[in-house]
Amino acid sequence: LLAYLVLIPYILNFSLELRARTLQKVKSTLQRILISLMGVAGIAAVTSTLILGSEVYKEGYWLIQWVKNRPENIRRLAEPFDAHIYYDSKGDSLNYRLLKPLDYDSTKKYPIVVSLHGGSGWGTDNASQVEGSWSAQLLSKDENRKKYPHFLFVPQCVPGTSWGGQPYWLAIDSIVFETIATLEEEFSIDETRRYVMGGSLGGYGAWYFISTRPDMFAAAVPVCGGGDPALASGIANIPVWAFHGAEDRSVPVTESRNMIEAIKAAGG
């Protein structure tokens with residue numbers, strides 16, 4: 001948008017010069033009307049430019065404030081979670097945050113929610129994944145922890161990796177599944193009530209997790225994601241609550257619609 005705005009002064013200057021030269025050469029009423037219409041069009045262009053400029057300013061201001069306040073937001077949102085690192089047999093590691101149920105009782109079985117962050121959660125700080133995950137923020141609220149006792153597991157992708165299903169990024173789904181298995185050995189987790197949620201990058205991950213491990217998850221909530229419709233027959237019996245904005249400019253809504261249609265065609 002800024003690149004286009006740079007051109008406007010040049011266009012207006014050219015239009016004014018052209019108008020001045022034309023006025024010197026032509027005197028007919030019709031031509032003067034046409035030249036006046038050019039002036040009106042120029043005013044309309046300036047007005048629309050000012051409106052566009054105000055929108056650019058608002059977007060820029062919001063972005064600046066978001067960047068400015070983000071470190072504090074990350075710290076505040078991640079604070080209730082315990083920070084952990086899992087190491088596999090190859091020496092690879094996975095940063096993750098874990099929130100245990102309120103008044104955890106090892107004699108009871110609890111569900112586990114796997115919350116997959118979007119692109120803003122990429123990093124190595126083991127904190128920003130909470131800020132990048134709407135489901136982690138929602139389910140970590142006290143009222144939801146009291147109403148729905150559960151483990152909340154929030155892993156973090158390092159930049160350049162994904163949860164899976166993204167051809168240009170290294171998938172880390174295997175180490176995520178290993179970490180879940182380790183948690184189930186340590187805590188009283190109901191293996192029949194594993195749930196996966198995620199938005200954007202995490203939405204792709206949610207679709208990928210249930211498509212490649214349909215035996216592992218009881219349900220999924222993918223938001224603004226997509227998957228492989230060829231795998232839909234394997235998840236026809238898994239409850240899915242999918243969300244996607246029709247005007248999404250980052251991930252086309254057809255990504256979700258194609259998966260939903262494929263599941264329906266498979267009898268889901």
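Helices (H or I, at least four residues) and strands (E, at least two) are DSSP runs, numbered from the N terminus. The model before you is predicted: local features need pLDDT of at least 70, side-chain atom pairs count only at pLDDT 80 or more, and totals for chains, interfaces and linings use all residues. Residues are numbered from 1 along each chain as its sequence is written, and side-chain values use heavy atoms, with hydrogens and water left out.

I begin with helix H7, residues 201-212. Its 12 residues reach 16 Å from the first C-alpha to the last, close to the 16 Å expected at 1.5 Å a residue; the expected span is 1.5 Å times one less than the number of residues. How many residues of H7 are buried? The count is 10 of 12, where buried means under 20% relative accessible area, exposed over 50%, and partly exposed in between (1.4 Å probe, protein chains only). Among them are Tyr204, Trp207, Phe209 and Ile210. The buried residues of H7 pack against several elements, including strand E3 (110-116), helix H6 (173-186) and helix H8 (254-265).

Next, His150. This residue sits in the loop between helix H5 (142-147) and strand E4 (151-155). His150 is buried, its relative accessible area being 6%. Its side chain reaches the backbone oxygen of Tyr148 at 2.4 Å. Beyond neighbours within four places in sequence, His150 is in contact (heavy atoms within 4.5 Å) with residues including Leu99, Tyr110, Val113 and Arg145.

I turn now to salt bridges, each defined as a side-chain nitrogen of Lys or Arg within 4 Å of a carboxyl oxygen of Asp or Glu. The whole structure holds 7 of them. In helix H2 (residues 29-78), Glu55 and Lys58 lie 3 residues apart, about one turn of the helix, and their side chains meet at 3.0 Å, N to O. Glu55 is partly exposed at 40%, and Lys58 is partly exposed at 48%.

What does the pair Arg70 and Glu131 tie together? Their side chains form a salt bridge at 3.1 Å, N to O. Arg70 lies in helix H2 and Glu131 in helix H3 (residues 128-131), so the pair links parts that are 61 residues apart in sequence. Both residues are buried.

Finally, Glu72 and Arg75 form a salt bridge, with the closest N and O atoms 2.6 Å apart. Both lie in helix H2, 3 residues apart. Salt bridges that share partners join Glu72, Arg75 and Glu79 into one network.

Note on methods
Polar contact = N/O pair within 3.5 Å; in protein donor to acceptor, adjacent residues only side chain to side chain.
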